[in-house]
Amino acid sequence: MKNLTLLSATLLTVTSALLFGKIEAASALIWNWSYSAPGIEASGSLTTNDTPDDLGFYLITGITGTRNDETIIGLQATGTSVPGNEPFVLDNIISLNPD
């Protein structure tokens with residue numbers, strides 16, 4: 001029943017958007033990534049907002065992929081440290097600039 005309710009709500013939203021206005025444009029970018037080192041193979045996609053901040057950085061809002069055939073299940077929270085990498089905290093931002 002939940003699936004039917006969700007489908008009905010989705011169809012209603014799409015139909016309303018078509019009749020009464022517009023469907024909002026996507027506001028996300030998808031970045032494909034990969035990494036390898038001895039004993040490590042990882043790849044996937046990052047999702048970011050579509051507009052960089054004043055310094056040219058995009059906020060990462062999601063991640064998918066695998067590392068050594070294990071599914072990546074989410075991002076480490078912004079402002080926290082990866083265990084063993086303290087006191088450095090994550091900012092979950094990415095830039096096209098190589099600097």
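Which residues line the largest pocket? The legends below start there. Everything comes from a predicted model, where local features need pLDDT of at least 70, side-chain atom pairs count only at pLDDT 80 or more, and totals for chains, interfaces and linings use all residues. Numbering runs from 1 along each chain as its sequence is written, and side-chain values use heavy atoms, with hydrogens and water left out.

**View A. The largest pocket and its lining.** Trp33, Ser34, Tyr35, Ile40, Ala42, Leu46, Ile63, Arg67 and Ile72 make up the lining. Two or more of the lining residues come from each of β1 (28-37), β2 (40-49) and β3; strands here are DSSP runs (E, at least two residues), numbered from the N terminus. The space inside is about 280 Å³, a volume filled by probe spheres set on grid points joined across faces, edges and corners. A pocket is an open set of points on a 1 Å grid over the protein atoms alone, where a 1.4 Å probe fits, with protein on both sides within 12 Å along at least five of seven lines; lining residues have an atom within 4 Å of a point. By class, that's seven nonpolar, one polar and one charged (Ala, Val, Leu, Ile, Met, Phe, Trp, Tyr, Cys and Pro are nonpolar, Asp, Glu, Lys and Arg charged, the others, Gly among them, polar).

**View B. The second largest pocket.** This one holds about 240 Å³. Its lining includes Leu46, Ile60, Leu75 and Val82, along with Leu90, Asp91, Asn92 and Ile93.

**View C. An aromatic pair, Trp31 with Tyr58.** The count comes to one pair, with rings of Phe, Tyr and Trp (its six-membered ring) pairing if their centres lie within 6.5 Å. The centres of Trp31 and Tyr58 sit 5.3 Å apart with planes at 70°, so this is edge-to-face (over 60 degrees; under 30 is stacked and the rest tilted). Trp31 belongs to β1 and Tyr58 to β3, so the contact ties together parts 27 residues apart in sequence. Trp31 is buried at 16% relative accessible area, and Tyr58 is buried at 11% (buried is under 20%, exposed over 50%, with a 1.4 Å probe and protein chains only).

Terms used:
Helices (H or I, at least four residues) and strands (E, at least two) are DSSP runs, numbered from the N terminus.
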